[in-house]
Amino acid sequence: MNCLQNLLKEPPIVGSRSMRRPSPLNLAMVRGGSRRSNTVKTMQPPGATTSGAENSALEVGTEKSEVYSTNMTQAMGAVLTYRHELGMNYNFIRPDLIVGSCLQSPLDVDKLRKIGVKTIFCLQQDSDLEYFGVDIRAIQDYSLKFKDIEHCRAEIRDFDAFDLRLRLPAVVSKLHKLVNCNGGVTYIHCTAGLGRAPAVALAYMFWILGYSLNEGHQLLQSKRACFPKLEAIKLATADILTGLSKNTITLKWEDDSCSSVEISGLDIGWGQRIPLKYDKEKGAWFLEKELPEGRYEYKYIVDGKWVCNEHENITKPNADGHVNNYVQVSRDGTSDEEKELRERLTGPNPDLTHEERLMVREYLEQYVDAEH
C-alpha cells in the first residue's frame, strides 16, 4: 500500500471547477475580531496631491480587481473579493505562519522583514503577475540583498482545483524544506491570498504540523476568511498514500440529429470544452478520456445548449436547483484496503494515523520536483 514512488514526477493537468451558483458568502478582507487583516500600502507624504495619471492608474487597478474578483467568485463557488489597489494584506495563522495576498513592490519585502518573515513563498504564475503589473524580478532582486529573508516560487494555476491537487505534494515538499532551512516566520501568498495560499498552508498544517484537516481548517478560518479547496487536499493526501493512478472513461451522447456535442468540466474546468466524435454506425457521439482517480462533474453542450445526460449519473440539486453529470473514476485492481483508505481520507472528517503521517513526511522529504 506504500506507493510513495508512484506520484513523484506526475505532470500537472488543467483543473476542474464547479459551475454551480456561488453561495452568498463574502470572504473579502475581514475587519475586527481575530480575523482582522493587516493591510499595508505606500503612504503619500503630508500635503502631497494625486495627479491625473495616478488617478487613472487607480481606476484601471480598481477595474482589474473587479474583473479578477468576478472570475474568482465564478470559479471558486463563493463570493470572494480582492482589492489589489489597497495593497498587500495578510493574517497570522500561527505565530510562525502567515497567509496573505501578493507582494506588489520591493518595499513589501521590508515590511515583511520587520515582522520576522524569513521565507516568502510565492504561488503565482507569470500570467498572474503580469495581470496586475507586478515586477517579480525587482522583488526577487531586492530580496537577494538581505541574508535574513529568502524569496521562493512554487507555481500553481489560479482557480484550478485539479492542478492544486496534483501540485500540492511538490509545493508542500518545497515549503517544508525551506521552513526547516530558514526557520522564523513563513509568508505564503498567491494573488489574493484566498484560494491557493490558504490551501497550501492547510496542507502543510495537515501533513507536517500534525493538525487534522478539519482542525486546521477551523484555525485557518478563525484567522482569515478564505476558501481553500478541501477536496483537492483530501485527494492529494490519498494520492500520496495509495499512489496516483489513472483509468479511461467513455462518455456517450445518443443523438444523430445534432451538429456538435462538447463536454465541459471533468479535469479541464468549466471555461474549456472538449468535442465528442460522432460515430455514424452507432449514431452517437463519444469521448474517451484518461483521468486520475476521483469524482468529476461535467456537462454536455449540444448545439450550444448546456444539458445533462439523463442516462449518466447526475448530482443532487444544489440550493438553486442546478445539477451536473458526474463520474467516479477508480483504478483497476484496487485492493479493498486501498479503497477503504481512500474513502476515509476523502470523507467528511479525514485524519492521519501516526504511521500514515510518517509515510507522508517521508514522501515529501524524498520528493524531487521534475518541473522545477
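Visitor: Two strands pair if DSSP finds at least two bridges between them, so which residue of S11 is the bridge partner of threonine 250?
Guide: The partner in S11 is glutamate 288. This is a predicted model, in which local features need pLDDT of at least 70, side-chain atom pairs count only at pLDDT 80 or more, and totals for chains, interfaces and linings use all residues. Residues are numbered from 1 along each chain as its sequence is written, and side-chain values use heavy atoms, with hydrogens and water left out.

Visitor: How many bridges join S7 to S11?
Guide: Nine bridges join S7 (residues 246-254) to S11 (residues 284-292), and the two strands run antiparallel. Strands (E, at least two residues) and helices (H or I, at least four) are DSSP runs, numbered from the N terminus.

Visitor: And what about S10?
Guide: S10 (residues 277-279) also runs antiparallel to S11, joined by three bridges, with lysine 277 opposite phenylalanine 286. Four residues lie between the strands of this hairpin, where glycine 283 takes a positive phi near 60°.

Visitor: Switching to helices, at what angle do H6 and H8 cross?
Guide: The axes, lines fitted to C-alpha atoms over the stretch in contact, with angles from 0 to 180 degrees between N-to-C directions, cross at roughly 45° and come within 10 Å for H6 (residues 196-207) and H8 (residues 230-242).

Visitor: Which residues meet there?
Guide: With contact meaning heavy atoms within 4.5 Å, Ala199, Leu202, Ala203, Phe206 and Trp207 of H6 meet Leu230, Ile233, Ala236, Thr237 and Ile240 of H8.

Methods
Two strands pair if DSSP finds at least two bridges between them.
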